[in-house]
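Here are a few friendly notes to read beside the model.

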Amino acid sequence: MEPEILELESFLPYRLYRLADVVSREFSKIYRDRHGLTRPEWRTLSGLGQHGTMTATALGEQSAMHKTKVSRAVAELERRRWLTRTPDEHDRRVERLALTKAGLAAYREMVPLAKAFERELLERLSAEERAAIASGVAALEEALEEKS
């Protein structure tokens, strides 16, 4: 009996990973060219821009980044003076991270560019395809959330 073969090209987790990676690399050209940001730096900037003050742990959870990537991104954005660290008043081991005026300005400049990128990406699909992707992704997220 022949061993079973997994065809990666039709394996959904592999296809989703590849698609996410290609889309992320395409979008990264925008923030890299504009501000010289890496993916972790962009995720950190956008997380703080969206949510305001956060801890590094919360940033890692929100952005699905390992703590070392968060730490390096925070250090670089702090070096640029785009974010500040403030010790938590109740627990000195925890730092609250927040964007500075310069960091917030960079974030606000990037928001319309990010939305335009998403719009242009989705315009390649029909309305039915966009709806199917939105509902399919939501259903997968919900199913995996219930499982964990």
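1. Helix H1 gives the largest share of the lining of the largest pocket, eleven residues. Helices here are DSSP runs of at least four residues, and strands of at least two, numbered from the N terminus. This is a predicted model, with local features needing pLDDT of at least 70 and side-chain atom pairs 80 or more, while totals for chains, interfaces and linings use all residues. Residues count from 1 along each chain, and side-chain values use heavy atoms, without hydrogens and water.

2. The volume of this largest pocket is about 1700 Å³. Among the 38 residues lining the largest pocket, Ala-20, Val-23, Ser-24, Glu-118 and Leu-121 are the closest to its centre. (A pocket is an open set of points on a 1 Å grid where a 1.4 Å probe fits, with protein on both sides within 12 Å along at least five of seven lines; lining residues have an atom within 4 Å of a point.) By class, the lining has 23 nonpolar, seven polar and eight charged residues.

3. The second largest pocket holds about 240 Å³ of space. Its lining has 14 residues, and Ala-56, Thr-57, Lys-67, Val-70 and Ser-71 are the closest to the centre. Helix H3, helix H4 (67-79) and strand E2 (95-99) each give two or more residues to this lining.

4. Now for the helix pair: H2 (residues 39-51) and H5 (residues 101-122) pack at about 95°, with axes 10 Å apart. That makes H2 roughly perpendicular to H5 (angles of 65 to 115 degrees).

How values were computed: Axes are lines fitted to C-alpha atoms, for helices over the stretch in contact, and angles run from 0 to 180 degrees between N-to-C directions. Angles under 35 degrees count as roughly parallel, over 145 as roughly antiparallel, 65 to 115 as roughly perpendicular and the rest as oblique. Grid points are joined across faces, edges and corners, and a volume is the space filled by probe spheres set on the points. Ala, Val, Leu, Ile, Met, Phe, Trp, Tyr, Cys and Pro count as nonpolar, Asp, Glu, Lys and Arg as charged, and the others, Gly among them, as polar.
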